[in-house]
Amino acid sequence: MGVKLAHDTWGEGPHTLLALHGFTGSGASFEHLKPLFGRSVRVVAVDLPGHGRTPLPDKRGRDGFLETVDAVVQLARELGGGADPVDLLGYSQGARLALAASVQAPECFGRLIMESGSPGLHRRQERSERREADAKLAGFIRTKGVEAFVERWEALPLFDGLRRLPSPQQDALRERRKACTAAGLAGALECLGLGVQPDYWPSLHRQRLPTLLLTGDQDAKFTNLARRMAAELPVVWRHAFAGSAHAPHLEAPEEYVREVLSFLQTPWYEAPQFEPAILAREASPS
């Protein structure tokens with residue numbers, strides 16, 4: 001039957017936004033944005049496999065990744081009723097899954113928002129090395145437990161920006177991470193990690209959804225990835241938040257919501273205006 005994604009729905013508005021969190025998060029990772037979104041958007045916040053209330057996929061490795069992508073597409077179909085595409089937002093791990101879902105079933109989605117995401121690793125050697133690194137980290141989690149892992153995870157330079165958050169926000173984030181289980185996090189690394197993800201770089205030029213790429217300008221790696229992706233995607237906008245690092249939705253929430261709503265609410269972002277004949281001409285060499 002495949003994995004079923006637990007989710008919570010809040011807000012109301014003309015747009016349904018399917019939100020996919022990052023590693024160690026859950027659907028609750030976006031709850032601080034509720035008052036900022038207000039009545040502008042209906043958010044469906046998912047617990048990804050191994051996090052919150054969603055179990056791990058039946059399969060492992062790449063098959064588990066693809067099983068999760070199938071689950072995202074199925075949920076989008078249920079939310080859209082088979083007729084109305086939903087918009088898709090993903091952060092980090094969630095951004096990778098969001099891109100995969102948009103490539104697999106573009107008819108299910110209206111727009112795509114990727115925050116600090118990657119299309120994958122292009123070289124087989126890189127993917128192999130990443131799988132080995134994730135396997136070692138999964139072993140550490142199973143052996144040492146979640147608390148020891150969270151301490152190690154939060155010390156990564158990638159999350160320097162989060163250490164500038166007010167103490168109550170840092171404490172709440174830490175508690176959400178500690179609420180994860182060792183089996184869930186280790187299994188998620190093995191099923192959803194970058195090493196098992198297919199390489200979606202070759203698919204970018206065929207991805208016709210209007211796409212917004214969000215990063216923090218202090219996160220050089222992912223801002224550079226966004227630049228490279230923007231050069232490949234046919235219909236794309238990009239924004240780097242000044243002073244933010246890997247998690248702008250936490251580090252600059254007001255500006256983040258303004259960017260997201262501006263993207264969602266501008267009528268000429270609608271994908272149906274791009275007729276196949278026009279797209280064919282755009283894709284032809286000049």
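Colleague: Let's start with H249. Which helix does it lie in?

Modeller: H249 is part of helix α9. Keep in mind as we go that this is a predicted model.

Colleague: Thanks! Is H249 buried or exposed?

Modeller: Buried: the cut-off is under 20% relative accessible area, and H249 comes in at 2%, so it counts as buried.

Colleague: And what does H249 touch, leaving out residues up to four places away in sequence?

Modeller: On that basis, H249 touches S29, F30, H32, L33, Y91, E115 and Y256.

Colleague: L33 is on that list. Where is its place?

Modeller: L33 sits in the loop between β2 and α1. With a relative accessible area of 1%, L33 is buried.

Colleague: What is L33 in contact with, again leaving aside neighbours within four places in sequence?

Modeller: Its contacts are W10, H249, P253, Y256 and V257. V257 is 224 residues away from L33 in sequence, yet the two are 7.5 Å apart in space, C-alpha to C-alpha.

Colleague: What else lies in the loop between β2 and α1?

Modeller: T24 is one of the residues there. T24 has a positive phi of about 75° although it is not a glycine. At 4% relative accessibility, T24 counts as buried.

Colleague: Is S116 buried or exposed?

Modeller: S116 counts as buried, because its relative accessibility is 1%.

Colleague: What does S116 touch, not counting residues up to four places away?

Modeller: Its contacts are Y91, S92, L214, T215, D219, F222, H246 and P248. A polar atom of the S116 side chain lies 2.7 Å from the backbone oxygen of H246. P248 is 132 residues from S116 along the chain, and their C-alpha atoms are separated by 8.7 Å.

Colleague: Changing topic: how big is the largest pocket?

Modeller: Its volume is about 960 Å³.

Colleague: How many residues line the largest pocket, and which lie nearest its centre?

Modeller: The lining has 45 residues, and S92, R130, W153, L158 and F222 lie nearest the centre.

Colleague: Tell me about α3, then. How many residues does it have, and how far does it reach?

Modeller: α3 has 12 residues and reaches 17 Å from its first C-alpha to its last, close to the 16 Å expected at 1.5 Å a residue.

Colleague: Why is α3 described as largely enclosed by the rest of the structure?

Modeller: Because 10 of its 12 residues are buried. Among them are Q93, G94, R96 and L97.

Colleague: What do the buried residues of α3 pack against?

Modeller: They pack against β2 (15-20), α2 (61-80), β4 (86-91), β5 and α7.

Definitions and conventions. Residues numbered from 1 in each chain as written. Predicted model: local features only at pLDDT ≥ 70, side-chain atom pairs only at ≥ 80, totals over all residues. Heavy atoms only, no water. 1 Å grid on protein atoms, 1.4 Å probe; cavity = no way out; pocket = protein on both sides within 12 Å on 5 of 7 lines; lining within 4 Å. Points joined across faces, edges and corners; volume = space filled by probe spheres on them. Buried < 20%, exposed > 50% of the residue type's maximum accessible area, 1.4 Å probe, protein only. Contact = heavy atoms within 4.5 Å. Polar contact = N/O pair within 3.5 Å; in protein donor to acceptor, adjacent residues only side chain to side chain. Helix = DSSP H or I, 4+ residues; strand = E, 2+ residues; numbered from the N terminus. Expected span 1.5 Å × (residues − 1).
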